[in-house]
Amino acid sequence: MKKLVLILTITMTLALSKNAIAQETIVDVAVGNEDFSTLVTALKAADLVGALQGDGPFTVFAPTNDAFAKIDSKALSSLLEAKNQKALANILTYHVISGKITATDVVAALKKGNGTVELKALNGQVLTVMQKDGKIWLKDINGNYSEIIATDVMGSNGVIHVIDTVVMPK
């Protein structure tokens, strides 16, 4: 009887802890990861935190701090100013797709699309996902590339794929 109680206790604890983890939105996941501190700062400056804590689902191609460091520091500082909130929101929403697209979904779409697939971002512009040199890349509307370096970081309202360069809209 003691074994049964112990097994039930462990099972319930694991189930509850898994549910607690799954309750974190993609914003909560980003806030909890120091590699996304610049992204979180930008989301706050663009007033997008509330939107990305919504029901979704969303797919976020999340640039790391190193990705943001590739942008000229003066340009980045300027984007974070209140007067440039609209421009910053345009850049950040270019990194978000409506719907939950996992790595498996991307691979399937790439096979179906002969190695490329176009996704419409929340800002209305197109991102191209492509397979090149055995890796998966995002190609922005300006022809610049960003490698997807980690996939399927799950949140309760979507998924994050980590990228190494900020993609830029028109």
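User: How many helices and strands does the protein have?

Analyst: This is a predicted model. In it, the protein has eight helices and seven strands.

User: What percentage of the residues count as buried?

Analyst: Of the 170 residues, 41% count as buried. The accessible surface comes to about 9,700 Å², and carbon and sulfur atoms hold 57% of that surface. As for contacts with a separation of 6 or more, 65% are between residues 24 or more positions apart.

User: Which residues of the largest nonpolar core touch the most other members?

Analyst: The general idea comes before the case. In soluble globular proteins, nonpolar side chains tend to be buried together. Here the largest nonpolar core has 28 residues, and those touching the most other members are Phe 36, Leu 39, Leu 52, Val 60, Phe 68, Leu 92 and Ile 160. Elements that each supply at least two residues of this core include helix 3 (37–45), helix 6 (73–79) and strand 7 (158–163). There is also a second, separate core of 16 residues, with Ile 97, Leu 110, Val 117 and Leu 127 among them.

User: What does Phe 68 touch, leaving out residues up to four places away in sequence?

Analyst: With those left out, Phe 68 touches Thr 38, Leu 39, Pro 63, Leu 76, Leu 92 and Val 166.

User: How much space lies in the largest pocket, and which residues are closest to its centre?

Analyst: The largest pocket holds about 180 Å³ of space. It is lined by 18 residues, and Leu 43, Leu 52, Val 60, Leu 92 and Val 96 are the closest to its centre.

User: Which element gives the most to the lining of the largest pocket?

Analyst: Strand 1 does, with four residues. Helix 2, helix 3, helix 4 (49–52), strand 1 and helix 7 each supply at least two residues of the lining.

User: Is Thr 93 buried or exposed?

Analyst: A residue counts as buried when its relative accessible area is under 20%. Thr 93 has a relative accessible area of 17%, so Thr 93 is buried. Thr 93 is in helix 7, which covers residues 85–93. Not counting residues up to four places away in sequence, Thr 93 touches Leu 48, Ala 121, Leu 122 and Asn 123.

Technical notes. Residues numbered from 1 in each chain as written. Predicted model: local features only at pLDDT ≥ 70, side-chain atom pairs only at ≥ 80, totals over all residues. Heavy atoms only, no water. Buried < 20%, exposed > 50% of the residue type's maximum accessible area, 1.4 Å probe, protein only. Contact = heavy atoms within 4.5 Å. Areas by Shrake-Rupley, 256 points an atom, 1.4 Å probe, with all protein chains shown as cover. Core = buried A, V, L, I, M, F, W, Y, C linked by side-chain atoms within 4.5 Å. 1 Å grid on protein atoms, 1.4 Å probe; cavity = no way out; pocket = protein on both sides within 12 Å on 5 of 7 lines; lining within 4 Å. Points joined across faces, edges and corners; volume = space filled by probe spheres on them.
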